[in-house]
Amino acid sequence: TYTTDTKSREENKKTIESLYRLSVDIKKIRRLKEWVLLQDVAYVKEIAGILQELGADETAVANILERCPEAILHTPAEINSQRALWQLVCQNEKQLIKLIEQFPESFFTTEYHENQKANILFLQALGLKNNIITRFLTSAPSIFYNPVEKNKNVIETLQRNYLSLGGSDANMKIWILKLLSQNPFILLNTSTAIQENLEFLQQNDFTDHEVLQLLSKLKGFIFQLTSTTMQKSMLFSKNVFKCSDQELKQLVLKCPALLYYSVPVLEERLEGLLKEGISVAQIRETPMVLELTTQIVQYRIKKLSALGYDIKSGTLESLNGTKKDFEVNYGKIQSKKERPIFNPVAPIQIED
């Protein structure tokens with residue numbers, strides 16, 4: 001831990017000089033993390049040397065130290081251990097330095113070294129490819145800070161439930177790896193929370209097959225919810241769409257967002273659609289439209305209206321999907337509108 005008491009301390013001149021020689025923007029560090037410059041001990045030359053050994057040029061070194069100045073407070077031994085650790089999953093030093101440039105904070109978090117190592121080896125043994133593990137190291141580093149036993153517990157709970165819900169042994173590994181690739185933050189949940197959420201779905205008459213379907217569709221995000229929030233969201237949808245429990249279940253299977261989003265989010269999106277003149281009946285027919293933010297819906301309606309497409313009388317399918325899906329649909333509507341009507345039996349006008 002480093003002191004953040006800045007009043008009684010002075011900047012370390014030696015640190016400032018060393019950073020200045022490396023063309024580092026010291027004003028930037030003063031503005032963002034001045035406390036780093038106040039520490040008695042810093043390893044500026046040594047850390048810069050390790051980065052240069054990995055292939056970083058002067059500009060890259062300066063950028064890394066500006067973005068993550070606390071790097072200079074780690075000992076060279078700590079950084080070399082971290083380097084060896086990341087090389088377990090990196091193809092070569094070129095890839096490693098590229099990752100450090102993009103995600104310096106993730107690389108220079110060395111406090112959980114033993115946990116990081118154990119978790120990397122565990123994920124490799126599980127069958128996760130190295131390129132996916134590197135993605136986790138940079139985008140979800142916190143999953144490596146847990147003791148490996150905790151992460152093993154979560155995986156075992158998922159495996160046990162997958163089999164008890166009717167999943168096959170043959171497909172289990174693929175299912176787990178896919179779920180992890182889509183949402184590594186599953187590992188931050190407790191085994192108890194996972195169990196409770198699955199039981200909630202079963203108590204609400206979702207069959208084992210349907211529960212598995214929901215897990216895959218929601219990419220594991222269901223474990224970040226609580227039974228209380230899911231209950232509220234389902235009750236809200238039931239009241240809005242005036243449907244029976246069985247009909248509600250079908251709507252949730254069609255659009256898991258009804259289960260995933262909180263009541264205030266669903267309320268806001270529903271209001272946005274109604275303001276555009278869309279009816280509740282239309283939304284019930286195509287509930288997936290609630291997966292889109294109000295801004296996206298407004299933008300898409302505006303674009304379609306410009307083509308003369310009336311969303312109030314048509315289906316909401318054309319609004320749905322990812323940005324790419326929408327562009328494809330939009331292109332089809334546009335080309336349909338622009339295509340001239342060709343009458344094959346009309347006489348051809350030929351000028352003399």
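Colleague: At what angle do the axes of helix H4 (residues 58-67) and helix H6 (residues 93-102) cross?

Modeller: This is a predicted model, so local features need pLDDT of at least 70 and side-chain atom pairs pLDDT 80 or more, while totals for chains, interfaces and linings use all residues. Residues are numbered from 1 along each chain as its sequence is written, and side-chain values use heavy atoms, without hydrogens or water. Axes are lines fitted to C-alpha atoms, for helices over the stretch in contact, with angles from 0 to 180 degrees between N-to-C directions. Those of H4 and H6 come within 9 Å, and they cross at roughly 40°.

Colleague: How are H4 and H6 oriented to each other?

Modeller: Under 35 degrees counts as roughly parallel, over 145 as roughly antiparallel, 65 to 115 as roughly perpendicular, and the rest as oblique. The crossing here is roughly 40°. H4 and H6 are therefore oblique.

Colleague: Which residues of H6 does H4 meet?

Modeller: Contact means heavy atoms within 4.5 Å. H4 brings Ala60, Ile64 and Arg67. Across from them, H6 brings Ile97, Ile100, Glu101 and Gln102.

Colleague: How are H14 and H17 oriented to each other?

Modeller: H14 covers residues 227-241 and H17 covers residues 263-275. Their axes come within 9 Å and cross at roughly 30°. H14 and H17 are therefore roughly parallel.

Colleague: Which residues of H17 make the contact with H14?

Modeller: From H14 come Lys232, Ser233, Phe236, Ser237 and Val240. H17 answers with Val263, Leu266, Glu267 and Leu270.

Colleague: Where is Tyr309 found?

Modeller: Helix H19 spans 294-306, and helix H20 spans 323-338. Tyr309 is in the loop between H19 and H20.

Colleague: Which residues does Tyr309 touch?

Modeller: Residues up to four places away in sequence are not counted. The partners of Tyr309 are then Leu304, Gly314, Thr315, Ser318 and Ile333.

Colleague: How far apart in space are Tyr309 and Gln334?

Modeller: In sequence, 25 residues set Tyr309 and Gln334 apart. C-alpha to C-alpha, the distance between Tyr309 and Gln334 is 9.6 Å.

Colleague: How many helices and strands are there in the protein chain?

Modeller: Both are DSSP runs numbered from the N terminus: H or I of at least four residues for helices, E of at least two for strands. The protein chain has 20 helices and zero strands.

Colleague: What box do the C-alpha atoms of the protein chain fill?

Modeller: The box is taken along the principal axes. For the C-alpha atoms of the protein chain, its sides are roughly 85 × 75 × 45 Å.
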